[in-house]
Amino acid sequence: MAYKRVLSIQDVSCVGQCSNTVALPIISACGHECAIIPSAVLSTHTGGFEGFTFKDLTSEIPKICKHWMKEGIQFDAIYTGYLGNVKQIRHVAKIMENCLVPGGPKIVDPAMADNGKLYTGFDEEYVEGMKWLCTQADIILPNITEACLLTGTEYQEDYDQDFINELLGQLDELCGGCVILKGVSFKEGYTGVMIYEAGFCSYYEHELLPNSSHGTGDIFASVFTGALMREVGAVNAACVAADFTVDSIKGTADDPDHWYGVKFEPHLGELIKTLDEGTRED
Ligand code: PXL
């Protein structure tokens, strides 16, 4: 198995099972080195806790980049998620330009909104910045809310295949690479992920679980990135990521005190097995 070095750029929410605290263990379990840039340090994520602390680390990012360039440090993939503010978007693009091996994938999860609403602290300027970052990406992983924001489409809870096709077409124009659209549901009790690449569209449907789940987009994107770097292809990587996310949500459903995230850790062993079976070289 090729051992890859992946850079994850997103916040550190000290408590909350999201962003880098999810990317590190998951990408490591997929068998890769996971380096990080913390875009900000928060006491918790912003989705439901009151009075969280927020230390913006924007000014560190160009210094980190400069040091890495001096040391010749390069990554096989760069994956970005929640960024602290719009200024970081240009810094991130500079890191992609200077610290990524030629041909390495730029994976952008435009983590900024869900259920029709922007996350606390984000505004129209951030959306515009994220739109621009998506034009620099090879792979983007929006949910439907983020897809609507990125394409200037009015969010709707009920939609049909035509609405999704239109969204995918516009996202493809924006990114020009591979679009992974999450949370696409056509049937009650089910949801799924659309993978649109080079004019081909695949849909992987799975159970829709009733409990709301913070951080599941980050879990999905981390597994996707880790699996993609095992060279299984975008469609397989998305299916593995969806299964892992569903298992993690199911394993949390019986614990109402664990509302702030999902218990993904018990499923890492199964993920390692799945990837080993799928990529064995014998
Ligand atoms: O999971 C997305 C996310 C990441 N980081 C922070 C967040 C959120 C969602 O609310 O608040 C800090």
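Reader: Before we start, what do I need to know about the model?
Author: It's predicted, so local features need pLDDT of at least 70 and side-chain atom pairs count only at pLDDT 80 or more, while totals for chains, interfaces and linings use all residues. Numbering runs from 1 along each chain as its sequence is written, and side-chain values use heavy atoms, with hydrogens and water left out.

Reader: OK, how many of the residues of α8 are buried?
Author: 12 of its 17 residues, where buried means under 20% relative accessible area with a 1.4 Å probe, protein chains only. Among them are Phe244, Val246 and Ile249.

Reader: And what do they pack against?
Author: The buried residues of α8 pack against α1, β9, β10, β11, α7 and α9; contact means heavy atoms within 4.5 Å.

Reader: Switching topic: which residues are around the ligand?
Author: Asp11, Ser13, Cys18, Ser19, Leu42, His45, Thr46, Gly47, Tyr82, Tyr119, Gly215 and Asp218, each with a heavy atom within 4 Å of it.

Reader: Which ligand atoms do Asp11, Ser19 and Asp218 reach with polar side-chain atoms?
Author: For Asp11 it's a nitrogen atom, 2.7 Å away, and for Ser19 a nitrogen atom at 3.1 Å. Asp218 has a polar side-chain atom 2.7 Å from an oxygen atom of the ligand. A polar contact is a pair of N or O atoms within 3.5 Å.

Reader: How much of the ligand does the protein bury?
Author: 94% of the 320 Å² that the ligand exposes when taken alone. Those areas come from the Shrake-Rupley method with a 1.4 Å probe.

Methods:
Buried means under 20% relative accessible area, exposed over 50%, partly exposed in between (1.4 Å probe, protein chains only). Helices (H or I, at least four residues) and strands (E, at least two) are DSSP runs, numbered from the N terminus. A polar contact is a pair of N or O atoms within 3.5 Å; within protein, one must be able to donate a hydrogen and the other to accept it, and residues adjacent in sequence count only if both atoms are side-chain atoms.
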